[in-house]
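Subject: Structure handover

Hi,

Here is the structure we talked about. My notes follow below it.

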Amino acid sequence: MSKPKFINLHPKDTGFGLPRAFWGHPDTFLPNADRDGRIRRWGLSPDTEEDEDESVEGFEIPAAMMRTMQTGGMYLKTPSPEKQFVKQLEALDIAELERSDYILKITLTGEGSVKVWRRVKISGGLSLAVLADKVITPLMGWTRNYHAHLWTDFKDGSVFGPKLGWESIPEPKWRVAHILRKPGDVVEWLYDCKVQPSFLVTFANSGSPCESILPGSESNGKVEVLVGFGACPREDGKNVWNWKRDLDKLRTGSYKEKRNLLEEIYQSMNYRNKGLTPWGNPDFDPTRFDTAEAIAAIKDALSLPGSYRQGSKTWVMPLAPDALKIREEGVKGKKVHTMNTPDDGGFLFEATTGKRDGISARACSMCGTPHNLRVDTACRAVYYCSRECQTEHWKQRHKKDCKRLQKSGIDAHA
Ligand SMILES: [Zn+2]
Ligand SMILES: [Zn+2]
């Protein structure tokens, strides 16, 4: 058996039982896919063909287990080939790709039942955390700091996300260029994953083919909304099939059914601030996408220095006196924002972090590039790529935010 090129085996280790992938370059490593060609579970499963060649006569001992038994003592001082290989995967060379701009298409999945998609230009150097919270969430029309999300890289099944109750690779230090390496690569962005497993498969479950990569010389790193189609489903409206049923009802339902449903849509988190009413806006257009509105939402998100990605907005019904106490006194170490609900006496509660985003999860507050960032020395809360961006942002909105941020510290309230 030849020697692997990118990992070092112990002199007594023949490499028996190691996955065949270890003989290749980590950059082209591809674990086994499931039946639809996607890899959802990350892992280096042993090559089964090799098992047959070297299995012990009369025993069905998997090669991986044999390997553990035979080589267990060899790698006490040096990292095992498995660990070395994973290290190589982590050290992918992204120098060129992170300087390149990407054009992404983000599509709501669900077997084509409801068409919602957006196309946007971003930098390959953008952190997955920024892309999720400050670009895709506002671009699609969702509410920031409301629901959690997860990324799945179908090439190797790795899962990236904010710190939640379960294991995922912490997203802030991972760049777009780590998981989208060539045109046609697809990752899944799963929105609102905390509620029920049934949400996982359908609702706002968006695949984003990386459609093209512009060479570094043509790239400026700025976030640019290119085009889009379709209204965002209402927040908390369950899965994409429920949204399809809603849209059907708006088309064919009785006057009363339509009115009640419109009322619900216009009261949902992501529609409630648009000033829409069933009588003033009786026709909901499911094909509508307003580029200017999307640009404004992204600008708002980029303007704010902190993110709170764990989905901190919660509806509270003050049945117990304690609920009102939370509202008045807040939560230790957190800023608290509340908003009344119109008719039931409840309120929306949001705790936000007092910390600004970590160094790896930053972008220019004006244009969204992750490159050449310098802190605003007055508030030390926002970052800019250039004097032009700083001046423009000051004129547009930071003039009034800067003082507030100096006084009250960072505030991710969205
Ligand atoms: Zn800029
Ligand atoms: Zn400032």
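Helices (H or I, at least four residues) and strands (E, at least two) are DSSP runs, numbered from the N terminus. Ser 303 lies in helix H9, residues 291-303.

Two points on conventions. This is a predicted model, in which local features need pLDDT of at least 70 and side-chain atom pairs count only at pLDDT 80 or more, while totals for chains, interfaces and linings use all residues. Residues are numbered from 1 along each chain as its sequence is written, chains are lettered from A and ligands numbered from 1 in the order in which they are written, and side-chain values use heavy atoms, with hydrogens and water left out.

**Overall**

The protein has eleven helices and 14 strands. Of its 414 residues, 47% are buried. Buried means under 20% relative accessible area, exposed over 50%, and partly exposed in between (1.4 Å probe, protein chains only). The accessible surface is about 22100 Å², by the Shrake-Rupley method with a 1.4 Å probe; for residues, only the protein chains shown count as cover. Carbon and sulfur atoms hold 52% of that surface. Take the contacts (heavy atoms within 4.5 Å) with a separation of 6 or more: 67% of them join residues 24 or more positions apart.

**The zinc sites**

Start with ligand 1. Cys 364, Cys 367, Cys 385 and Cys 389 coordinate this zinc ion through SG, at 2.3 to 2.4 Å. Donors are N, O and S atoms within 2.8 Å of the metal (3.2 Å for Na, K and Ca); water is not among the atoms, so sites may look incomplete. The spacing of the donors of ligand 1 is C-x2-C-x17-C-x3-C. Cys 364 and Cys 367 are both buried.

Ligand 2 is also a zinc ion, held by Asp 376 (OD), Cys 379 (SG), His 398 (NE2) and Cys 402 (SG) at 2.0 to 2.4 Å. Its donors follow D-x2-C-x18-H-x3-C. The pair Cys 379 and Cys 402 links distant parts of the chain, 23 residues apart. Cys 379 sits in the loop between strands E13 (374-375) and E14 (383-384), and Cys 402 in helix H11 (387-408). Both cysteines are buried.

What geometry does the site of ligand 1 have? It is tetrahedral, with angles of 106 to 118° among four donor atoms. The site of ligand 2 is tetrahedral, with angles of 92 to 121°. The cut-off: four donors count as tetrahedral if all angles lie between 85 and 135 degrees; four count as square planar and six as octahedral if opposite donors are over 155 degrees apart and all others between 65 and 115; anything else is irregular.

UniProt, in an unreviewed entry, places "domain: MYND-type" at residues 364-402. UniProt positions use the numbering here, feature names are shortened, and annotations may be inferred rather than shown by experiment. In the model, that span is 41% helix and 10% strand. Its end C-alpha atoms lie 15 Å apart.

**Back to Ser 303**

Is Ser 303 buried or exposed? Buried, because its relative accessible area is 3%. Beyond neighbours within four places in sequence, Ser 303 contacts Ser 365, Val 382, His 393 and Arg 397.

**Strand E6**

All five residues of E6 (187-191) are buried. Val 187, Trp 189 and Tyr 191 point one way, Glu 188 and Leu 190 the other. E6 pairs with strand E3 (149-153), antiparallel, over five bridges. Pairing needs at least two DSSP bridges between the strands. One bridge joins Asp 153 to Val 187.
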